[in-house]
Amino acid sequence: MTPSDVKATLSFSDGSPSMELPIYKGTIGPDVIDIRKLYGQTGKFTYDPGFLSTASCNSTITYIDGDKGELLYRGYPIEQLAVQCDYLDTCYLLLYGDLPNADKRKGFHKLVTNHTMVNEQMQFFLRGFRRDAHPMAVMTGLVGALSAFYHDSTDINNPQHRDIAAIRLIAKMPTLVAMAYKYSAGQPYMYPKNDLSYAGNFMRMMFATPCEDYHVNPVIERALDRIFILHADHEQNASTSTVRLCGSSGTNPFAAIAAGVACLWGPAHGGANEAALNMLEEIQRNGGVEKIGEFIKQVKDKNSGVKLMGFGHRVYKNYDPRAKLMRETCHEVLTSLGLHNDPLFKLAMALEKIALEDDYFVSRKLYPNVDFYSGIVQRAIGIPVSLFTAIFALARTVGWIAQLNEMIGDPEYKIGRPRQLYAGSVSRDIKPLADR
Ligand code: ACO
(Lines give C-alpha, C1' and ligand atoms only; values in the text may rest on other atoms or scores of the structure.)
Protein backbone atom coordinates (compact mmCIF):
# COMPACT_ATOMS: atom_id res chain seq x y z
CA MET A 1 0.00 0.00 0.00
CA THR A 2 1.40 3.42 -0.97
CA PRO A 3 0.88 6.09 1.72
CA SER A 4 -0.57 9.36 0.47
CA ASP A 5 0.85 12.77 1.42
CA VAL A 6 -2.68 13.76 2.35
CA LYS A 7 -3.99 12.78 5.80
CA ALA A 8 -7.55 12.77 7.06
CA THR A 9 -8.40 14.47 10.33
CA LEU A 10 -11.33 13.23 12.33
CA SER A 11 -12.66 15.78 14.79
CA PHE A 12 -15.55 15.58 17.26
CA SER A 13 -18.04 18.28 18.16
CA ASP A 14 -17.86 17.40 21.88
CA GLY A 15 -14.29 18.59 22.22
CA SER A 16 -12.71 15.08 22.32
CA PRO A 17 -9.22 15.12 20.82
CA SER A 18 -9.16 14.89 17.04
CA MET A 19 -7.35 12.09 15.30
CA GLU A 20 -5.18 11.95 12.22
CA LEU A 21 -5.84 9.02 9.89
CA PRO A 22 -3.40 7.84 7.20
CA ILE A 23 -4.60 7.59 3.61
CA TYR A 24 -3.34 4.99 1.14
CA LYS A 25 -3.36 5.14 -2.62
CA GLY A 26 -4.21 2.19 -4.81
CA THR A 27 -2.74 1.85 -8.31
CA ILE A 28 -6.13 3.01 -9.62
CA GLY A 29 -9.44 3.66 -7.93
CA PRO A 30 -10.40 5.50 -4.77
CA ASP A 31 -7.90 6.10 -1.97
CA VAL A 32 -8.68 4.50 1.39
CA ILE A 33 -8.64 6.02 4.87
CA ASP A 34 -6.95 3.70 7.35
CA ILE A 35 -9.17 3.46 10.42
CA ARG A 36 -7.44 0.51 12.08
CA LYS A 37 -6.33 2.58 15.09
CA LEU A 38 -9.71 4.32 15.42
CA TYR A 39 -11.16 2.13 18.15
CA GLY A 40 -7.92 2.00 20.13
CA GLN A 41 -7.61 5.80 20.12
CA THR A 42 -11.24 6.94 20.31
CA GLY A 43 -13.26 3.96 21.60
CA LYS A 44 -15.53 4.34 18.56
CA PHE A 45 -16.32 2.05 15.63
CA THR A 46 -17.29 3.06 12.11
CA TYR A 47 -20.78 2.10 10.92
CA ASP A 48 -21.18 0.83 7.35
CA PRO A 49 -23.85 -1.86 6.86
CA GLY A 50 -23.54 -3.45 3.43
CA PHE A 51 -19.92 -2.18 3.21
CA LEU A 52 -20.94 0.76 1.01
CA SER A 53 -17.77 2.71 1.87
CA THR A 54 -15.50 0.06 3.30
CA ALA A 55 -12.52 -1.67 1.67
CA SER A 56 -12.22 -4.99 3.51
CA CYS A 57 -8.78 -5.85 2.13
CA ASN A 58 -6.14 -4.78 -0.34
CA SER A 59 -6.04 -6.92 -3.43
CA THR A 60 -4.15 -7.13 -6.73
CA ILE A 61 -6.58 -9.41 -8.55
CA THR A 62 -9.57 -7.58 -10.01
CA TYR A 63 -10.45 -3.93 -10.54
CA ILE A 64 -13.87 -2.54 -11.36
CA ASP A 65 -14.66 1.05 -12.28
CA GLY A 66 -18.41 1.04 -11.91
CA ASP A 67 -18.89 4.53 -13.36
CA LYS A 68 -16.86 3.80 -16.48
CA GLY A 69 -18.17 0.24 -16.81
CA GLU A 70 -14.63 -1.17 -16.70
CA LEU A 71 -13.51 -4.59 -15.47
CA LEU A 72 -9.85 -5.66 -15.30
CA TYR A 73 -8.43 -9.03 -14.23
CA ARG A 74 -4.82 -8.45 -13.11
CA GLY A 75 -4.89 -5.27 -15.25
CA TYR A 76 -6.18 -6.89 -18.46
CA PRO A 77 -9.54 -5.56 -19.76
CA ILE A 78 -12.29 -8.17 -19.79
CA GLU A 79 -13.00 -7.30 -23.45
CA GLN A 80 -9.49 -8.49 -24.43
CA LEU A 81 -9.56 -11.59 -22.25
CA ALA A 82 -12.96 -12.63 -23.61
CA VAL A 83 -11.69 -12.47 -27.19
CA GLN A 84 -8.00 -13.45 -26.97
CA CYS A 85 -7.86 -15.96 -24.12
CA ASP A 86 -9.73 -19.01 -22.91
CA TYR A 87 -11.05 -19.77 -19.45
CA LEU A 88 -8.02 -21.78 -18.32
CA ASP A 89 -5.71 -18.90 -19.38
CA THR A 90 -7.93 -16.68 -17.27
CA CYS A 91 -7.68 -19.10 -14.32
CA TYR A 92 -3.88 -19.07 -14.60
CA LEU A 93 -3.92 -15.28 -14.72
CA LEU A 94 -6.14 -14.94 -11.66
CA LEU A 95 -4.20 -17.52 -9.65
CA TYR A 96 -0.63 -16.57 -10.52
CA GLY A 97 -0.80 -12.90 -11.54
CA ASP A 98 0.01 -13.01 -15.27
CA LEU A 99 -0.92 -14.84 -18.44
CA PRO A 100 1.05 -18.04 -19.09
CA ASN A 101 3.65 -18.41 -21.86
CA ALA A 102 3.19 -21.34 -24.26
CA ASP A 103 5.00 -23.87 -22.01
CA LYS A 104 3.29 -22.84 -18.81
CA ARG A 105 -0.04 -22.79 -20.61
CA LYS A 106 0.42 -26.36 -21.77
CA GLY A 107 1.51 -27.49 -18.31
CA PHE A 108 -1.42 -25.78 -16.60
CA HIS A 109 -4.00 -27.18 -19.01
CA LYS A 110 -2.53 -30.65 -18.45
CA LEU A 111 -2.51 -30.24 -14.68
CA VAL A 112 -6.16 -29.19 -14.54
CA THR A 113 -7.18 -31.90 -17.00
CA ASN A 114 -5.45 -34.53 -14.85
CA HIS A 115 -7.59 -33.61 -11.86
CA THR A 116 -11.06 -33.62 -13.45
CA MET A 117 -12.19 -36.98 -12.08
CA VAL A 118 -13.70 -37.04 -8.61
CA ASN A 119 -13.34 -39.77 -6.01
CA GLU A 120 -15.68 -42.59 -7.05
CA GLN A 121 -17.24 -42.47 -3.59
CA MET A 122 -18.68 -39.01 -4.43
CA GLN A 123 -21.44 -40.61 -6.47
CA PHE A 124 -22.65 -42.58 -3.45
CA PHE A 125 -22.63 -39.38 -1.42
CA LEU A 126 -24.72 -37.75 -4.18
CA ARG A 127 -27.24 -40.56 -3.95
CA GLY A 128 -28.29 -39.32 -0.53
CA PHE A 129 -29.95 -36.29 -2.12
CA ARG A 130 -33.50 -36.23 -3.44
CA ARG A 131 -33.46 -36.22 -7.24
CA ASP A 132 -35.53 -33.02 -7.28
CA ALA A 133 -33.15 -31.16 -4.93
CA HIS A 134 -32.08 -27.72 -6.15
CA PRO A 135 -28.63 -28.05 -7.79
CA MET A 136 -27.24 -25.31 -5.53
CA ALA A 137 -28.29 -27.30 -2.45
CA VAL A 138 -26.50 -30.29 -3.94
CA MET A 139 -23.43 -28.22 -4.90
CA THR A 140 -23.13 -26.70 -1.42
CA GLY A 141 -23.05 -30.24 -0.06
CA LEU A 142 -20.72 -31.69 -2.71
CA VAL A 143 -18.15 -28.90 -2.53
CA GLY A 144 -18.12 -29.00 1.28
CA ALA A 145 -17.74 -32.79 1.08
CA LEU A 146 -14.56 -32.48 -1.02
CA SER A 147 -12.71 -31.81 2.24
CA ALA A 148 -13.76 -35.29 3.38
CA PHE A 149 -12.31 -36.83 0.20
CA TYR A 150 -9.06 -34.90 -0.27
CA HIS A 151 -7.45 -34.85 3.17
CA ASP A 152 -4.03 -34.12 1.72
CA SER A 153 -4.91 -30.58 0.65
CA THR A 154 -6.87 -29.15 3.57
CA ASP A 155 -4.13 -27.26 5.44
CA ILE A 156 -4.72 -23.67 4.43
CA ASN A 157 -1.40 -22.62 6.00
CA ASN A 158 0.57 -24.93 3.70
CA PRO A 159 1.24 -23.26 0.30
CA GLN A 160 1.40 -26.63 -1.50
CA HIS A 161 -1.94 -27.63 -0.06
CA ARG A 162 -3.41 -24.31 -1.17
CA ASP A 163 -2.03 -24.78 -4.70
CA ILE A 164 -3.31 -28.30 -5.16
CA ALA A 165 -6.70 -27.47 -3.57
CA ALA A 166 -7.03 -24.64 -6.14
CA ILE A 167 -6.31 -27.00 -9.04
CA ARG A 168 -8.63 -29.67 -7.66
CA LEU A 169 -11.48 -27.22 -7.22
CA ILE A 170 -11.12 -25.71 -10.71
CA ALA A 171 -10.81 -29.15 -12.29
CA LYS A 172 -13.59 -30.89 -10.38
CA MET A 173 -16.30 -28.22 -10.38
CA PRO A 174 -17.50 -29.03 -13.95
CA THR A 175 -17.56 -32.73 -13.05
CA LEU A 176 -19.62 -32.05 -9.92
CA VAL A 177 -22.08 -29.72 -11.68
CA ALA A 178 -22.56 -32.26 -14.48
CA MET A 179 -23.01 -35.05 -11.92
CA ALA A 180 -25.63 -33.00 -10.08
CA TYR A 181 -27.45 -32.53 -13.41
CA LYS A 182 -27.21 -36.18 -14.48
CA TYR A 183 -28.45 -37.26 -11.06
CA SER A 184 -31.49 -34.98 -11.34
CA ALA A 185 -32.19 -36.29 -14.85
CA GLY A 186 -31.76 -39.92 -13.79
CA GLN A 187 -29.06 -40.45 -16.43
CA PRO A 188 -25.70 -42.20 -15.99
CA TYR A 189 -22.76 -39.99 -15.08
CA MET A 190 -20.31 -39.31 -17.92
CA TYR A 191 -16.64 -39.42 -16.92
CA PRO A 192 -14.41 -36.53 -18.01
CA LYS A 193 -12.59 -36.89 -21.33
CA ASN A 194 -9.07 -35.49 -21.34
CA ASP A 195 -8.72 -34.59 -25.02
CA LEU A 196 -11.51 -32.01 -24.84
CA SER A 197 -11.27 -28.38 -23.78
CA TYR A 198 -12.48 -27.34 -20.32
CA ALA A 199 -15.82 -26.12 -21.74
CA GLY A 200 -16.08 -28.97 -24.28
CA ASN A 201 -15.51 -31.55 -21.56
CA PHE A 202 -18.20 -29.94 -19.43
CA MET A 203 -20.67 -30.01 -22.36
CA ARG A 204 -19.95 -33.68 -22.93
CA MET A 205 -20.35 -34.58 -19.26
CA MET A 206 -23.66 -32.67 -19.29
CA PHE A 207 -25.24 -33.71 -22.57
CA ALA A 208 -23.66 -36.97 -23.75
CA THR A 209 -24.95 -40.41 -22.87
CA PRO A 210 -23.03 -43.69 -23.08
CA CYS A 211 -25.33 -44.74 -25.96
CA GLU A 212 -23.90 -42.52 -28.69
CA ASP A 213 -20.95 -40.35 -29.69
CA TYR A 214 -21.07 -36.72 -28.73
CA HIS A 215 -19.72 -33.91 -30.91
CA VAL A 216 -18.96 -30.59 -29.30
CA ASN A 217 -20.54 -27.66 -31.16
CA PRO A 218 -17.70 -25.08 -31.31
CA VAL A 219 -20.04 -22.06 -31.13
CA ILE A 220 -21.57 -23.34 -27.91
CA GLU A 221 -18.18 -24.39 -26.58
CA ARG A 222 -16.89 -20.84 -27.12
CA ALA A 223 -20.07 -19.34 -25.60
CA LEU A 224 -19.74 -21.45 -22.46
CA ASP A 225 -16.06 -20.62 -22.21
CA ARG A 226 -16.98 -16.94 -22.42
CA ILE A 227 -19.61 -17.33 -19.71
CA PHE A 228 -16.86 -18.87 -17.54
CA ILE A 229 -14.40 -16.03 -18.30
CA LEU A 230 -16.96 -13.30 -17.61
CA HIS A 231 -17.91 -14.83 -14.26
CA ALA A 232 -14.40 -15.80 -13.14
CA ASP A 233 -13.90 -13.02 -10.60
CA HIS A 234 -15.54 -9.80 -9.55
CA GLU A 235 -13.59 -8.19 -6.76
CA GLN A 236 -15.01 -8.22 -3.20
CA ASN A 237 -18.65 -9.19 -3.98
CA ALA A 238 -20.84 -10.96 -1.42
CA SER A 239 -19.73 -14.54 -2.14
CA THR A 240 -16.03 -13.63 -2.41
CA SER A 241 -16.21 -11.71 0.86
CA THR A 242 -17.95 -14.76 2.34
CA VAL A 243 -15.12 -17.02 1.17
CA ARG A 244 -12.52 -14.63 2.62
CA LEU A 245 -14.37 -14.32 5.93
CA CYS A 246 -14.96 -18.06 6.17
CA GLY A 247 -11.34 -18.84 5.22
CA SER A 248 -10.02 -16.25 7.69
CA SER A 249 -10.76 -18.65 10.54
CA GLY A 250 -8.21 -21.06 9.03
CA THR A 251 -10.83 -23.50 7.77
CA ASN A 252 -9.91 -25.68 4.78
CA PRO A 253 -10.28 -24.32 1.22
CA PHE A 254 -13.12 -26.69 0.28
CA ALA A 255 -15.20 -25.55 3.26
CA ALA A 256 -14.52 -21.88 2.45
CA ILE A 257 -15.55 -22.35 -1.20
CA ALA A 258 -18.71 -24.21 -0.09
CA ALA A 259 -19.59 -21.07 1.91
CA GLY A 260 -19.14 -19.05 -1.30
CA VAL A 261 -21.45 -21.41 -3.18
CA ALA A 262 -24.11 -20.97 -0.49
CA CYS A 263 -23.86 -17.18 -0.65
CA LEU A 264 -23.94 -17.11 -4.44
CA TRP A 265 -27.27 -18.95 -4.43
CA GLY A 266 -29.22 -15.84 -3.35
CA PRO A 267 -31.34 -14.06 -6.00
CA ALA A 268 -29.67 -10.70 -5.34
CA HIS A 269 -26.34 -12.30 -6.37
CA GLY A 270 -25.72 -15.43 -8.47
CA GLY A 271 -29.32 -16.53 -8.37
CA ALA A 272 -30.21 -13.49 -10.50
CA ASN A 273 -29.72 -15.31 -13.84
CA GLU A 274 -32.26 -17.94 -12.81
CA ALA A 275 -34.57 -15.23 -11.45
CA ALA A 276 -34.19 -13.18 -14.68
CA LEU A 277 -35.14 -16.14 -16.86
CA ASN A 278 -38.08 -17.05 -14.61
CA MET A 279 -39.22 -13.42 -14.85
CA LEU A 280 -39.04 -13.44 -18.67
CA GLU A 281 -40.96 -16.71 -18.79
CA GLU A 282 -43.64 -15.31 -16.53
CA ILE A 283 -44.07 -12.16 -18.64
CA GLN A 284 -44.22 -14.39 -21.70
CA ARG A 285 -46.93 -16.54 -20.12
CA ASN A 286 -48.92 -13.43 -19.17
CA GLY A 287 -49.04 -11.93 -22.66
CA GLY A 288 -45.43 -11.32 -23.73
CA VAL A 289 -44.15 -8.09 -25.31
CA GLU A 290 -47.56 -6.41 -25.07
CA LYS A 291 -47.58 -6.74 -21.31
CA ILE A 292 -44.14 -5.18 -20.76
CA GLY A 293 -45.67 -1.79 -19.95
CA GLU A 294 -47.79 -3.32 -17.18
CA PHE A 295 -44.80 -5.21 -15.82
CA ILE A 296 -42.60 -2.09 -15.76
CA LYS A 297 -45.37 -0.28 -13.88
CA GLN A 298 -45.24 -2.99 -11.21
CA VAL A 299 -41.44 -2.76 -11.02
CA LYS A 300 -41.68 0.99 -10.41
CA ASP A 301 -44.25 0.53 -7.65
CA LYS A 302 -42.19 0.15 -4.47
CA ASN A 303 -45.06 -1.66 -2.72
CA SER A 304 -45.23 -4.43 -5.32
CA GLY A 305 -41.89 -5.97 -4.31
CA VAL A 306 -41.27 -6.71 -8.02
CA LYS A 307 -37.77 -6.03 -9.36
CA LEU A 308 -36.49 -6.12 -12.88
CA MET A 309 -34.17 -9.08 -12.41
CA GLY A 310 -30.90 -8.91 -14.31
CA PHE A 311 -30.91 -5.11 -13.96
CA GLY A 312 -28.91 -3.00 -11.54
CA HIS A 313 -25.65 -3.60 -9.79
CA ARG A 314 -24.06 -2.45 -6.57
CA VAL A 315 -20.91 -1.27 -8.34
CA TYR A 316 -21.74 -0.71 -12.01
CA LYS A 317 -23.60 2.53 -12.46
CA ASN A 318 -23.03 2.26 -16.20
CA TYR A 319 -23.48 -0.62 -18.66
CA ASP A 320 -21.93 -3.80 -17.17
CA PRO A 321 -19.05 -4.56 -19.61
CA ARG A 322 -19.77 -8.27 -19.16
CA ALA A 323 -23.37 -7.69 -20.28
CA LYS A 324 -22.12 -6.18 -23.56
CA LEU A 325 -19.99 -9.27 -24.27
CA MET A 326 -22.75 -11.63 -23.19
CA ARG A 327 -25.24 -9.84 -25.44
CA GLU A 328 -22.90 -10.49 -28.39
CA THR A 329 -22.56 -14.17 -27.43
CA CYS A 330 -26.31 -14.39 -27.05
CA HIS A 331 -26.78 -13.32 -30.71
CA GLU A 332 -24.09 -15.75 -31.90
CA VAL A 333 -25.58 -18.74 -30.07
CA LEU A 334 -29.17 -18.03 -31.06
CA THR A 335 -28.17 -17.55 -34.71
CA SER A 336 -26.06 -20.71 -34.72
CA LEU A 337 -28.90 -22.72 -33.21
CA GLY A 338 -31.51 -21.12 -35.48
CA LEU A 339 -33.23 -19.58 -32.46
CA HIS A 340 -32.86 -15.88 -33.37
CA ASN A 341 -36.63 -15.61 -33.49
CA ASP A 342 -36.88 -17.05 -30.00
CA PRO A 343 -39.77 -15.20 -28.35
CA LEU A 344 -38.00 -14.97 -25.00
CA PHE A 345 -34.96 -13.30 -26.58
CA LYS A 346 -37.22 -10.85 -28.42
CA LEU A 347 -39.00 -10.15 -25.15
CA ALA A 348 -35.67 -9.55 -23.40
CA MET A 349 -34.61 -7.11 -26.14
CA ALA A 350 -37.90 -5.22 -25.88
CA LEU A 351 -37.68 -5.09 -22.09
CA GLU A 352 -34.11 -3.85 -22.25
CA LYS A 353 -35.03 -1.11 -24.75
CA ILE A 354 -37.94 0.15 -22.70
CA ALA A 355 -36.00 0.04 -19.42
CA LEU A 356 -33.02 1.89 -20.92
CA GLU A 357 -35.31 4.73 -22.02
CA ASP A 358 -37.44 4.91 -18.88
CA ASP A 359 -36.59 7.69 -16.43
CA TYR A 360 -36.98 5.37 -13.40
CA PHE A 361 -34.07 3.23 -14.62
CA VAL A 362 -32.07 6.05 -16.23
CA SER A 363 -32.12 8.26 -13.11
CA ARG A 364 -31.08 5.33 -10.88
CA LYS A 365 -28.39 4.24 -13.35
CA LEU A 366 -29.89 0.78 -13.64
CA TYR A 367 -28.45 -1.09 -16.62
CA PRO A 368 -28.67 -4.74 -17.60
CA ASN A 369 -26.09 -6.86 -15.80
CA VAL A 370 -24.42 -10.00 -17.15
CA ASP A 371 -27.18 -12.24 -15.80
CA PHE A 372 -29.78 -10.65 -18.02
CA TYR A 373 -28.23 -12.34 -21.08
CA SER A 374 -26.40 -15.32 -19.61
CA GLY A 375 -29.72 -16.94 -18.71
CA ILE A 376 -30.96 -16.71 -22.31
CA VAL A 377 -27.71 -18.19 -23.64
CA GLN A 378 -27.75 -21.05 -21.16
CA ARG A 379 -31.38 -21.84 -21.88
CA ALA A 380 -30.62 -21.93 -25.62
CA ILE A 381 -27.72 -24.32 -24.97
CA GLY A 382 -30.14 -26.65 -23.18
CA ILE A 383 -29.05 -26.02 -19.63
CA PRO A 384 -32.00 -26.22 -17.23
CA VAL A 385 -32.81 -22.94 -15.49
CA SER A 386 -32.24 -24.39 -12.03
CA LEU A 387 -28.62 -25.17 -13.00
CA PHE A 388 -27.68 -21.62 -14.03
CA THR A 389 -26.35 -20.57 -10.64
CA ALA A 390 -24.34 -23.78 -10.32
CA ILE A 391 -22.61 -22.86 -13.58
CA PHE A 392 -21.89 -19.42 -12.18
CA ALA A 393 -20.39 -21.14 -9.12
CA LEU A 394 -18.25 -23.33 -11.37
CA ALA A 395 -16.86 -20.25 -13.14
CA ARG A 396 -16.40 -18.18 -9.96
CA THR A 397 -14.50 -20.91 -8.11
CA VAL A 398 -11.19 -19.68 -9.51
CA GLY A 399 -11.89 -16.13 -8.31
CA TRP A 400 -12.84 -17.37 -4.85
CA ILE A 401 -9.74 -19.51 -4.50
CA ALA A 402 -7.42 -16.82 -5.90
CA GLN A 403 -8.86 -14.30 -3.42
CA LEU A 404 -8.66 -16.79 -0.56
CA ASN A 405 -5.03 -17.64 -1.31
CA GLU A 406 -4.19 -13.96 -1.65
CA MET A 407 -5.67 -13.32 1.79
CA ILE A 408 -3.84 -16.21 3.46
CA GLY A 409 -0.55 -15.08 1.88
CA ASP A 410 -1.02 -11.49 3.11
CA PRO A 411 1.16 -10.80 6.19
CA GLU A 412 -1.52 -8.42 7.49
CA TYR A 413 -4.24 -11.09 7.39
CA LYS A 414 -6.32 -11.57 10.53
CA ILE A 415 -9.51 -13.45 11.28
CA GLY A 416 -12.42 -11.30 9.98
CA ARG A 417 -14.41 -10.00 12.90
CA PRO A 418 -16.71 -7.02 12.25
CA ARG A 419 -18.11 -5.06 15.19
CA GLN A 420 -21.63 -3.70 15.67
CA LEU A 421 -23.72 -0.83 16.94
CA TYR A 422 -25.64 -2.55 19.72
CA ALA A 423 -29.24 -1.31 19.95
CA GLY A 424 -30.71 -4.06 22.16
CA SER A 425 -31.68 -4.15 25.78
CA VAL A 426 -29.18 -3.12 28.44
CA SER A 427 -28.26 -5.73 31.06
CA ARG A 428 -31.34 -7.01 32.91
CA ASP A 429 -32.30 -9.86 35.26
CA ILE A 430 -34.38 -12.89 34.31
CA LYS A 431 -37.79 -12.79 36.00
CA PRO A 432 -39.30 -15.97 37.42
CA LEU A 433 -41.47 -17.78 34.83
CA ALA A 434 -44.74 -16.72 36.53
CA ASP A 435 -43.85 -12.98 36.32
CA ARG A 436 -42.86 -12.80 32.62
N1 ACO B 1 -35.49 -3.28 -10.43
C2 ACO B 1 -36.14 -2.18 -9.97
N3 ACO B 1 -35.59 -1.25 -9.16
C4 ACO B 1 -34.31 -1.44 -8.79
C5 ACO B 1 -33.57 -2.55 -9.25
C6 ACO B 1 -34.19 -3.49 -10.10
N7 ACO B 1 -33.55 -4.55 -10.55
N8 ACO B 1 -32.32 -2.50 -8.72
C9 ACO B 1 -32.27 -1.39 -7.96
N10 ACO B 1 -33.47 -0.74 -8.02
C11 ACO B 1 -33.80 0.54 -7.39
C12 ACO B 1 -33.95 0.39 -5.87
O13 ACO B 1 -35.28 0.10 -5.53
C14 ACO B 1 -33.51 1.76 -5.41
O15 ACO B 1 -34.56 2.68 -5.65
P16 ACO B 1 -34.77 3.94 -4.66
O17 ACO B 1 -33.53 4.75 -4.77
O18 ACO B 1 -35.99 4.63 -5.21
O19 ACO B 1 -35.00 3.35 -3.29
C20 ACO B 1 -32.37 2.13 -6.36
O21 ACO B 1 -32.68 1.42 -7.58
C22 ACO B 1 -30.99 1.75 -5.87
O23 ACO B 1 -30.97 0.35 -5.64
P24 ACO B 1 -30.30 -0.37 -4.41
O25 ACO B 1 -31.11 -1.59 -4.07
O26 ACO B 1 -30.00 0.61 -3.32
O27 ACO B 1 -28.94 -0.84 -5.05
P28 ACO B 1 -27.98 -1.90 -4.45
O29 ACO B 1 -26.63 -1.52 -4.91
O30 ACO B 1 -28.16 -2.08 -2.99
O31 ACO B 1 -28.48 -3.25 -5.14
C32 ACO B 1 -28.75 -5.08 -6.59
C33 ACO B 1 -27.91 -3.83 -6.23
C34 ACO B 1 -28.93 -5.97 -5.35
C35 ACO B 1 -27.95 -5.88 -7.63
C36 ACO B 1 -30.10 -4.64 -7.16
O37 ACO B 1 -29.91 -3.80 -8.27
C38 ACO B 1 -31.00 -5.82 -7.54
O39 ACO B 1 -31.63 -6.41 -6.66
N40 ACO B 1 -31.06 -6.18 -8.87
C41 ACO B 1 -31.83 -7.32 -9.32
C42 ACO B 1 -31.11 -8.60 -9.01
C43 ACO B 1 -29.91 -8.82 -9.91
O44 ACO B 1 -30.01 -8.74 -11.11
N45 ACO B 1 -28.77 -9.16 -9.27
C46 ACO B 1 -27.57 -9.49 -10.01
C47 ACO B 1 -26.41 -8.70 -9.53
S48 ACO B 1 -25.05 -9.03 -10.58
C49 ACO B 1 -24.37 -10.46 -10.03
O50 ACO B 1 -24.51 -10.89 -8.90
C51 ACO B 1 -23.57 -11.18 -11.02
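Visitor: Which residues of helix H10 are buried?

Guide: Buried means under 20% relative accessible area, with exposed over 50% and partly exposed in between, using a 1.4 Å probe and protein chains only. In this predicted model, helix H10, residues 238-247, has Ser 239, Thr 240, Val 243, Arg 244 and Gly 247 buried. They cover an arc of only 140 degrees around the axis, which puts them on the same side of H10; the arc is that of the directions from the helix axis to the C-beta atoms.

Visitor: What covers the buried residues of H10?

Guide: Contact means heavy atoms within 4.5 Å, and the cover of the buried residues of H10 includes helix H11 (253-264) and helix H18 (388-409).

Visitor: How many helices and strands does the protein chain have?

Guide: Helices (H or I, at least four residues) and strands (E, at least two) are DSSP runs, numbered from the N terminus. The protein chain has 18 helices and six strands. Its radius of gyration is 24 Å, close to the 22 Å that the globule rule gives for 436 residues, so the chain is as compact as a globular protein of that length; the radius is taken over C-alpha atoms, and the rule is 2.2 Å times the number of residues to the power 0.38.

Visitor: What share of the residues of the protein chain counts as buried?

Guide: Of the 436 residues, 46% count as buried.

Visitor: What should I know about the numbering and the model?

Guide: Residues are numbered from 1 along each chain as its sequence is written. Local features need pLDDT of at least 70, side-chain atom pairs count only at pLDDT 80 or more, and totals for chains, interfaces and linings use all residues, while side-chain values use heavy atoms, leaving out hydrogens and water.
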